[in-house]
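Notebook open, new structure on the screen. I'm jotting down what I look up as I go.

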Amino acid sequence: MIVLFNCTCAVPTTMDSFHPVPVKVNPDLQKERDAALFNPVELTYLKDGGKDKTERRRRCELLAINDPDLQHKDISFMARNERYSNAVRKAVIIARKIKEHRLTNMEEKQLYISAATQYDTYGFGLHYGMFLPALSAQCDEEQRNYWLPLAENLKILGTYAQTELGHGTFIRGLETTAIYDPKTEEFVLHTPTLSALKWWPGNMGKTATHAVVLAQLYTNGKSYGLHPFIVQLRSLENHQPLPGITLGDIGPKLGFHSFDNGFLGFDHVRIPRRNMLMKYSQVSPDGFYIKPIHAKLTYSTMVEARVTLVSDIAYSLSQAVTIAVRYSAVRRQTEQIKGVKEPQILDYRTQQLKLFPYLAAAYAFTFTSFVITGRYIEVQNEMNDGNMESLSELHALSAGLKAFTSYVGNEGIEVCRLSCGGHGYSQASGFPELYTLTAPISTFEGENTVMLLQTARYLMKCATTAKRGLELPRFVLYLSQRQKGQCPARNESDLLDHGLLSDAFEHRARRLVIEAAQKMQSNIGKGNPQHVAWNNCHMYLLKAASAHCHFYVVQTFVKYINDTEMSDAVRDILTSLCQFYALHGIWQNAGDFLQDGYMNGNQLDMVQSLVGKLLDKIRINAVALVDAFDFRDEILCSKLGKYDGNVYEAMYEWAKNSPLNKTEVHDSYNKYLRPLMQSSKAKL
Ligand SMILES: CCCCCCCC/C=C\CCC/C=C/C(=O)SCCNC(=O)CCNC(=O)[C@H](O)C(C)(C)COP(=O)(O)OP(=O)(O)OC[C@H]1O[C@@H](n2cnc3c(N)ncnc32)[C@H](O)[C@@H]1OP(=O)(O)O
Ligand SMILES: Cc1cc2nc3c(=O)[nH]c(=O)nc-3n(C[C@H](O)[C@H](O)[C@H](O)COP(=O)(O)OP(=O)(O)OC[C@H]3O[C@@H](n4cnc5c(N)ncnc54)[C@H](O)[C@@H]3O)c2cc1C
């Protein structure tokens with residue numbers, strides 16, 4: 001009874017509709033599309049950066065979606081071994097097809113990969129996501145010329161091995177050592193304790209042949225801290241671990257079932273001196289150490305990854321709201337008037353209050369990801385010219401935004417799942433994979449609390465700089481400006497003003513940053529050492545960092561609408577969405593706006609009333625807003641979020657494919673149930 005589930009044949013698509021023309025669209029969904037006040041394709045073009053970019057994206061996605069070699073049964077029906085094997089099989093095909101389709105541009109490659117992997121992890125995720133970036137960023141020219149062609153042509157497969165069993169956050173505490181031996185001009189890599197085993201790196205358990213390993217460098221008897229080394233882990237002949245190397249898979253996890261997160265131990269493994277990545281720091285043949293121009297350049301791979309994760313979260317949250325909004329438009333529940341059709345659940349205010357904040361956040365985070373990616377490229381160019389001035393700023397911004405957006409994203413995906421009732425719990429909904437793929441973003445690439453505290457650390461320094469009247473970078477300039485007294489809103493229409501809303505978030509961020517700085521000062525004033533004062537002030541610091549990020553997102557949303565050309569209809573709906581994002585944020589954090597008297601009870605009443613009124617405006621356009629994300633069914637992988645809205649038919653077809661339905665009578669009947677029931681003497 002098993003059928004190949006993902007084999008949806010491509011039906012010709014028109015320019016405006018990326019979706020195959022369905023035989024029958026659920027009438028409720030059609031009604032929503034007909035009633036929308038803007039054309040979603042215009043918003044799609046805007047989000048993609050232009051009509052030609054949308055067309056290019058669609059072409060890349062269709063190349064993968066229509067490829068018979070990439071089809072397989074639904075991963076929900078696969079056991080872990082099969083899933084791992086399928087992910088590796090697909091990764092190999094993807095690599096071949098990228099060449100065949102001549103996809104040389106990085107963006108096109110990524111689009112193709114993400115369409116080909118659908119809602120599973122990519123079998124070479126760490127190779128492309130961290131190994132190659134680490135080599136690009138940390139190799140000197142000679143090393144680049146040697147290693148990059150090998151890695152780019154998949155002659156070697158890599159991972160990024162930093163975290164250990166005993167330490168993930170506190171990387172200065174990592175225990176793996178790399179001791180230089182000038183006699184042989186080699187480093188000796190060693191795992192001195194159980195807690196020093198590398199633990200977690202993706203694709204390390206079974207796939208990788210090489211790793212960028214982060215280890216404590218010792219030369220001439222002195223310790224110089226964490227440095228990156230490229231190490232061969234497995235034979236290129238038979239894939240066996242090399243002598244002195246212990247490798248394995250760390251076992252099943254909450255999700256990431258297709259991924260071989262691994263462990264790795266070294267027993268005095270020797271590597272050539274030039275396997276230390278030497279762009280920023282070097283060890284000469286006689287063991288002389290040359291230090292980098294900035295102490296934290298070793299950490300740059302993580303900064304790049306955190307920037308990427310903001311886009312990843314925006315993408316996942318957009319998928320979640322697409323599923324939940326479409327489903328809420330076709331699902332009807334609870335008769336209100338006897339004999340009259342039950343309402344669409346999307347009409348319930350509570351449903352709107354669950355979904356629309358995350359719909360707005362999905363757009364807000366998408367625009368934020370554009371800005372932070374742009375800033376990353378600028379700073380990268382400065383750094384390539386030897387100017388490290390903005391590295392701290394980029395670290396603070398990327399760490400904070402990765403944490404802020406992933407908290408909201410994880411929470412949003414779970415709320416979307418809950419909003420779909422029982423069906424949200426089925427694998428058919430797509431939510432279990434979406435949730436478990438996105439959940440660890442709050443942990444990896446820097447645990448979220450720790451990341452927000454890094455942002456707070458930077459903000460505390462800025463608060464001191466501002467107090468001294470010295471210049472601050474653009475994104476924290478507001479800290480040197482004076483508080484503006486009370487919120488000037490007199491009526492609801494004032495509260496819809498984007499400038500006023502952005503000012504409110506600015507005021508809150510500045511107040512909370514200054515408050516945290518004062519708390520730190522008074523704690524230190526009481527004689528506490530810095531680290532004790534820091535711990536005592538965690539609750540203020542976390543709030544300050546979070547408020548700063550929230551302000552950054554609101555400000556970015558406002559600026560995007562002000563600075564971007566768009567039709568009046570699209571501007572109108574994005575304006576409402578931005579107002580809603582900001583007003584809902586004020587309503588949810590009312591205490592912060594009331595605490596210092598910036599807003600009063602009357603203004604808060606108006607905020608709440610506007611949140612209610614904006615629900616109506618978004619309600620009419622909700623389906624069009626999620627259609628504008630432009631996810632094909634093959635990418636969304638959800639029976640609840642199907643473009644045609646024929647949810648029940650799809651769920652029934654999907655359930656029939658469950659492996660338990662292969663036979664009418666399951667083996668366990670003859671093995672267990674029959675003996676139990678037939679041996680029983682008990683009378684009915
Ligand atoms: C990810 C995209 C891949 C896409 C592929 C998709 C498929 C694959 C799917 C999933 C892939 C998952 C991949 C996951 C990988 C990982 O998780 S890799 C491991 C990540 N680990 C971490 O992020 C560790 C977090 N910890 C740290 O970064 C640090 O320990 C720390 C918390 C920042 C503290 O560092 P340290 O103790 O050294 O520093 P401090 O004393 O606190 O601070 C000293 C000063 O340095 C500044 N600083 C810290 N970090 C940076 C940085 N990165 N850049 C610049 N400056 C930095 C810090 O603020 C201090 O500054 P100050 O002295 O001026 O105040
Ligand atoms: C799916 C997945 C994939 C991964 N892939 C990789 C990979 O490819 N390569 C790799 O090297 N690593 C990888 N990791 C590891 C990951 O980077 C770490 O788990 C992460 O950095 C968090 O570190 P930790 O586990 O030590 O958490 P811990 O630091 O032990 O966190 C536990 C708790 O302690 C709190 N805490 C810790 N320090 C502080 C502090 N200073 N102040 C306040 N609170 C604190 C945290 O907030 C948290 O609540 C992966 C992890 C996962 C889950």
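This is a predicted model: local features need pLDDT of at least 70, side-chain atom pairs count only at pLDDT 80 or more; totals for chains, interfaces and linings use all residues.

I started with ligand 1: it has 28 residues around it, and Thr169, Lys296, Tyr299, Arg457 and Lys461 come nearest. For this list, a residue is near if one of its heavy atoms lies within 4 Å of the molecule.

Residues are numbered from 1 along each chain as its sequence is written, chains are lettered from A and ligands numbered from 1 in the order in which they are written, and side-chain values use heavy atoms, with hydrogens and water left out.

A backbone N or O atom of Thr169 sits 2.6 Å from a ligand 1 oxygen. Gly446 also uses a polar backbone atom, 2.9 Å from an oxygen of ligand 1. His395 brings a polar side-chain atom to 3.3 Å from a ligand 1 nitrogen. Alone, ligand 1 exposes 1,300 Å², and the protein buries 83% of that (Shrake-Rupley method, 1.4 Å probe; for residues, only the protein chains shown count as cover).

Then ligand 2. Which residues are closest to it? I found Tyr160, Thr163, Gly168, Thr169 and Glu447, out of 20 that surround ligand 2. The side chain of Thr169 has an N or O atom 2.5 Å from a ligand 2 oxygen. A polar side-chain atom of Glu447 is 2.6 Å from an oxygen of ligand 2, and a backbone N or O atom of Gly168 is 2.9 Å from one. Ligand 2 exposes 970 Å² when taken alone, 65% of which the protein buries.

Last, the domains. The assignment (automatic or from a database) gives domain 1 (28-123), domain 2 (132-292) and domain 3 (301-470 + 497-625). I checked how domain 1 meets domain 2: 10 residues from domain 1 and 14 residues from domain 2 make the contact (heavy atoms within 4.5 Å). I also looked for salt bridges (a side-chain nitrogen of Lys or Arg within 4 Å of a carboxyl oxygen of Asp or Glu). The rule finds one across this interface. Separately, I noted that Arg80 and Asp249 meet in a salt bridge, 2.8 Å from N to O.

Note on methods. A polar contact is a pair of N or O atoms within 3.5 Å; within protein, one must be able to donate a hydrogen and the other to accept it, and residues adjacent in sequence count only if both atoms are side-chain atoms.
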